Amino acid sequence: MSESVLNSLSGPVVLLGCGKMGSAMLEGWLKLGLPADKAVVLDPNLPAEAAAAFAAKGVSVNPAKDAIAAPSVLLLAVKPQVAPEALPAVAPLVKAGTLVVSVMAGRTIAFMGDIFGPDAAIVRSIPNTPAAIGRGVSVAVASPAVTTAQRDLTAALLGAIGIVEWIEDEALMDAATAVSGSGPAYAFLLAEVMAQAGAAAGLPADLSARIARATVAGAGALMDQSDLPAATLRQNVTSPGGTTAAALAVLMDEGRGFPLLMVEAVAAATRRGKELAG
């Protein structure tokens, strides 16, 4: 379905910002069937080597804005701090029927509506960094003007870098960002502190780092391939009275353990997201 949606667009997909996330998406779209001549990149800071590589595939890189046909999609992948300057410059590209998709953290639908118009079809989304290997999670929310067909188009565009989950209340976006957007850092921290704990227990530091990293990665892969809830997978590893049970008794202590800390961490990230959004 993604391929048929992307290769049947009437207008181009214009990508504003082609950093790590933007380039990962563009590569994914091309693999899924978006014709290269329907892709337009607008990024004056794009390295010459990357620009040449995309141009060699047939992608239009930094054309004059008045030479761009009415886009089917304008995807915003610039850093949120440059949005107040960068978005008005491309606002004239948005025509009736153009879908605006944002992957900028913290920038609300209302913020974008002030620039592109109150009736613009806008989807706000936040992917996470595993998108770089096609294993991202994107949480998305749509403005009232977004049609069912445009939701399908958004799912195809974001599906090129992983899974897509929809929410209907934009107020939940900060909490979703705290879980999925920031979540990879929590997993990386787990591997980091496991390695440190192993070294403290007497393992050579390099060995501890290798096995901690591989263990976290392997557990994630197992969970991805299993239909069982995470709690069941945890229980399956835990023999009563065994070593894992002894460790979990510390980690799951109600007064100071990992569950309480995670609740506090996600709440802190959610609060910060609201502050950044103003």
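**Figure 1. Asn-62 in the loop between strand 3 and strand 4.** In this predicted model, Asn-62 sits in the loop that runs from strand 3 (60-61) to strand 4 (73-76). Take a look at its backbone: Asn-62 is not a glycine, yet its phi is positive, at about 50°. The residue is partly exposed, because its relative accessible area is 36%, a value that lies between the 20% limit for buried and the 50% limit for exposed.

**Figure 2. Two loop residues, Gln-81 and Pro-92, on either side of helix 4.** Gln-81 belongs to the loop between strand 4 and helix 4 (83-90), while Pro-92 belongs to the loop between helix 4 and strand 5 (99-102). Gln-81 is exposed, with a relative accessible area of 57%, and Pro-92 is exposed too, at 56%. Each can be paired with a residue further along the chain. Gln-81 and Met-104 are separated by 23 residues in sequence, and their C-alpha atoms are 9.2 Å apart. For Pro-92 and Ile-115, the separation is 23 residues in sequence and 9.8 Å between C-alpha atoms.

**Figure 3. Helix 4 packed against helix 5.** Here the axes of helix 4 and helix 5 (residues 109-116) come within 9 Å of each other and cross at roughly 40°. Helix 4 is therefore oblique to helix 5. The crossing of helix 4 past helix 5 is right-handed.

**Figure 4. Helix 7 crossing helix 12.** Helix 7 (residues 173-181) and helix 12 (residues 258-277) have axes that come within 8 Å and cross at roughly 130°. That angle makes helix 7 oblique to helix 12. Helix 7 passes helix 12 in a right-handed crossing. On the helix 7 side, look for Asp-174, Ala-175, Ala-178 and Val-179; they meet Val-266, Ala-269, Thr-270, Gly-273 and Lys-274 of helix 12. Sorted by class, this contact of helix 7 with helix 12 holds five nonpolar, two polar and two charged residues.

**Figure 5. The pairing of helix 8 with helix 9.** Helix 8 (residues 183-200) packs with helix 9 (residues 205-225) at an angle of about 145°, and their axes are 8 Å apart. Their crossing is right-handed. Helix 8 contributes Ala-187, Leu-190, Ala-191, Met-194, Ala-195, Gly-198 and Ala-199 to the contact, and helix 9 contributes Ala-205, Ser-208, Ala-209, Ala-212, Arg-213, Thr-215 and Val-216. By class, the contact of helix 8 with helix 9 contains 10 nonpolar residues, three polar and one charged.

**Figure 6. The protein chain as a setting for the close-ups.** The C-alpha atoms fill a box of roughly 70 × 40 × 35 Å along the principal axes. Of the 278 residues in the protein chain, 38% are buried. The chain exposes about 14900 Å², with 61% of that supplied by carbon and sulfur atoms. Among contacts between residues at least 6 apart in sequence, 63% join residues at least 24 apart.

Technical notes. Residues are numbered from 1 along each chain as its sequence is written. This is a predicted model: local features need pLDDT of at least 70, side-chain atom pairs count only at pLDDT 80 or more; totals for chains, interfaces and linings use all residues. Side-chain values use heavy atoms; hydrogens and water are left out. Axes are lines fitted to C-alpha atoms, for helices over the stretch in contact, and angles run from 0 to 180 degrees between N-to-C directions. Helices (H or I, at least four residues) and strands (E, at least two) are DSSP runs, numbered from the N terminus. Angles under 35 degrees count as roughly parallel, over 145 as roughly antiparallel, 65 to 115 as roughly perpendicular and the rest as oblique. A crossing is left-handed if the near helix is turned anticlockwise from the far one by less than a right angle, and right-handed if clockwise. Contact means heavy atoms within 4.5 Å. Ala, Val, Leu, Ile, Met, Phe, Trp, Tyr, Cys and Pro count as nonpolar, Asp, Glu, Lys and Arg as charged, and the others, Gly among them, as polar. Buried means under 20% relative accessible area, exposed over 50%, partly exposed in between (1.4 Å probe, protein chains only). Accessible areas come from the Shrake-Rupley method with a 1.4 Å probe; for residues, only the protein chains shown count as cover.
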